[in-house]
Amino acid sequence: MTALSLLEDAYEATGESPIIAGELAKLNDQLGSLDNALAIVKRAASKNPVDMCLKQLLIKFSVEKGQPEEALKVAVEAAHADPTSWRIQRSLARFLKTLDAPVKSVRGHYEAAIRHQKGDVGLVVELGAYLFTKGEYEEATKVFATVRNLSLSGQERTKIRELWRG
């Protein structure tokens, strides 16, 4: 499970590197079916309930299995156990966003994730995009303005992070 969690983190940190994606696919294939992987992660998480990497995998597999209620339950429990886990806070923000929760609630979780993962332009842009799509134009502008203060490479500045439709 640790190898899977590390590869998931590496995949995200490298901007979805094709090399890491290949290794991640191989490991997922070794785990077998999603049901099998979910059972393995549940067992491991029950033995070590404070391991946030396992919680994150449990959330991911629950979503892939079509169990968003279970994933949300795990995310809430994980946030109580470790409120400084930026990935858990981001997961909560994304769940609440899909459930059309109040903007303040979603924003609060995004801001908590940003506080604990300073300099992550992807999180800031995700929050700004969310606020913009909710009609909070002034707040979105303020959030996007904070990106200007981050030291980013030219490649990082021009990277497409989200496609908007409509």
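Trainee: Which conventions apply to the predicted model?
Mentor: Residues are numbered from 1 along each chain as its sequence is written, and side-chain values use heavy atoms, with hydrogens and water left out. In this predicted model, local features need pLDDT of at least 70, side-chain atom pairs count only at pLDDT 80 or more, and totals for chains, interfaces and linings use all residues.

Trainee: How many helices and strands does the chain have?
Mentor: Helices (H or I, at least four residues) and strands (E, at least two) are DSSP runs, numbered from the N terminus. From that terminus on, the elements run α-α-α-α-α-α-α-α-α-α. The count is 10 helices and 0 strands.

Trainee: What percentage of the residues in the chain is buried?
Mentor: Buried means under 20% relative accessible area, exposed means over 50%, and partly exposed lies in between (1.4 Å probe, protein chains only). Of the 166 residues in the chain, the buried ones make up 34%.

Trainee: What share of the contacts with a separation of 6 or more joins residues 24 or more positions apart?
Mentor: Contact means heavy atoms within 4.5 Å. Among contacts in the chain with a separation of 6 or more, residues 24 or more positions apart account for 48%.

Trainee: How are H6 and H7 oriented towards each other, parallel or antiparallel?
Mentor: Helix H6 spans residues 86-98 and helix H7 residues 103-116; they pack at about 160°, with axes 8 Å apart. Axes are lines fitted to C-alpha atoms, for helices over the stretch in contact, and angles run from 0 to 180 degrees between N-to-C directions. Angles under 35 degrees count as roughly parallel, over 145 as roughly antiparallel, 65 to 115 as roughly perpendicular and the rest as oblique. H6 and H7 are therefore roughly antiparallel.

Trainee: What is the make-up by class of the contact of H6 with H7?
Mentor: On H6 the contact includes Trp86, Gln89, Arg90 and Leu92, and on H7 it includes Val106, His109, Tyr110 and Ala113. Ala, Val, Leu, Ile, Met, Phe, Trp, Tyr, Cys and Pro count as nonpolar, Asp, Glu, Lys and Arg as charged, and the others, Gly among them, as polar. The contact has 8 nonpolar, 4 polar and 3 charged residues.

Trainee: Which residues outside its sequence neighbourhood is Ala113 in contact with?
Mentor: Ala113 is found in helix H7 and is buried, with a relative accessible area of 0%. Its C-alpha lies 9.6 Å from that of Leu92, which is 21 residues away in sequence. Leaving aside neighbours within four places, Ala113 is in contact with Trp86, Gln89, Arg90 and Leu123.

Trainee: What is the make-up by class of the contact of H7 with H8?
Mentor: The axes of H7 and helix H8 (residues 121-133) come within 9 Å and cross at roughly 170°, which makes H7 roughly antiparallel to H8. Residues of H7 that include Val103, Val106 and Ile114 meet residues of H8 that include Leu123, Leu127 and Leu131. The contact has 10 nonpolar, no polar and 3 charged residues.

Trainee: Which residue forms a salt bridge with Glu126?
Mentor: A salt bridge is a side-chain nitrogen of Lys or Arg within 4 Å of a carboxyl oxygen of Asp or Glu, and the structure holds 7 of them. Glu126 is buried at 10% relative accessibility. Its partner is partly exposed at 35%, and the closest N and O atoms of the pair are 2.8 Å apart. The pair links helix H8 with helix H6, 32 residues apart, and the partner is Arg94.

Trainee: How many residues apart are Lys134 and Asp100?
Mentor: Lys134 and Asp100 form a salt bridge whose closest N and O atoms are 2.7 Å apart. Lys134 lies in the loop between H8 and helix H9 (137-147), and Asp100 in the loop between H6 and H7; their separation is 34 residues.
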